[in-house]
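This short report looks at a ligand site and at charged pairs. Have the sequence and the structure at hand.

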Amino acid sequence: MSLEKPFFGGNWKMNHGPTAARRFVGEFVERYPARDDRTVAFFPPSISVTEFRDAAAERPDLELGVQDVYWEEAGAFTGSISAPLAKDAGARYALAGHSERRHVFGDSDEDVARKVESIAAAELIPVLCVGERLEERDRGDVEAVVSRQLEAGLGRLSSEQIVNMVIAYEPVWAIGTGRTASAEDANEVHALIRGLLGERLDRVSVRGIPIIYGGSVKPANVDELLAEAEIDGVLVGGASLDPVDFARICQAA
Ligand code: PGA
């Protein structure tokens, strides 16, 4: 870990409606006292964001984000939310390019680029997710895939906007499968990402961008991941649904 403040994200995916979100907050705040040496951000389903915000009203240290946006600001786009709407609901972050959006819902690199652009334009912090599938890893294409997704995802941003974002490396084969990339393998890809950012930005700015790892992160493996020089935090799916597990994860490092 090279950042002063590690980043811990909990991506609830399509879990925890408003009732469960409120219960979660009650249990989590008892186990995780506020600390200013780290960032903890939750990505509930958008229908639970305001409930989360209200339940955690006394804990402004717990940040909020949404899992996806459509790139238009407003209009006739049934079923979608936009970055400005997310901001109004209390979000500070928004994911873009999560592997489930790419591979279940068909988001292309260009779609992801537009989403990232709209998130930054709304002055939210984009969390751009990149990561290869198993067949791509087996073919030796990790670098090609991750570089392509990263270049595309940053393509519509100015350097000032890139400095204010988070990159999540999430190998698709490690998400929800119980298989984690080894800490060294993940670190290598993080170093690649850091290098690519370095082609656009100066060294000091690059060091300030959190590059976080996602894919079956658990209380049992978080320390090992965060011990790597290039891993600045984690994006947690399954284990973030449990307030006990996630409170433990957020106190690592
Ligand atoms: P997982 O999900 O922790 O359940 O593997 C991670 C993610 O998709 O962000």
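## Terms and model

Buried means under 20% relative accessible area, exposed means over 50%, and partly exposed lies in between (1.4 Å probe, protein chains only). This is a predicted model: local features need pLDDT of at least 70, side-chain atom pairs count only at pLDDT 80 or more, and totals for chains, interfaces and linings use all residues. Residues are numbered from 1 along each chain as its sequence is written, and side-chain values use heavy atoms, with hydrogens and water left out.

Aspartate 54 and arginine 53 form a salt bridge, with closest N and O atoms 3.3 Å apart. A salt bridge is a side-chain nitrogen of Lys or Arg within 4 Å of a carboxyl oxygen of Asp or Glu. Aspartate 54 is partly exposed at 44% relative accessibility. Arginine 53 is partly exposed too, at 34%.

## Arginine 194 and its partners

Which residues pair with arginine 194? One is glutamate 230, at 2.8 Å between the closest N and O atoms. Another is aspartate 232, also at 2.8 Å. Arginine 194 is buried at 7% relative accessibility. Glutamate 230 is buried at 14%, and aspartate 232 at 0%.

The count comes to 25 salt bridges. Asp68, Arg101, Asp107 and Lys115 are linked in a network of them.

## The ligand site

The distance is 2.6 Å for a polar backbone atom of glycine 176. For a backbone N or O atom, it is 2.7 Å at serine 216 and 2.8 Å at glycine 237.

Conventions: A polar contact is a pair of N or O atoms within 3.5 Å; within protein, one must be able to donate a hydrogen and the other to accept it, and residues adjacent in sequence count only if both atoms are side-chain atoms.
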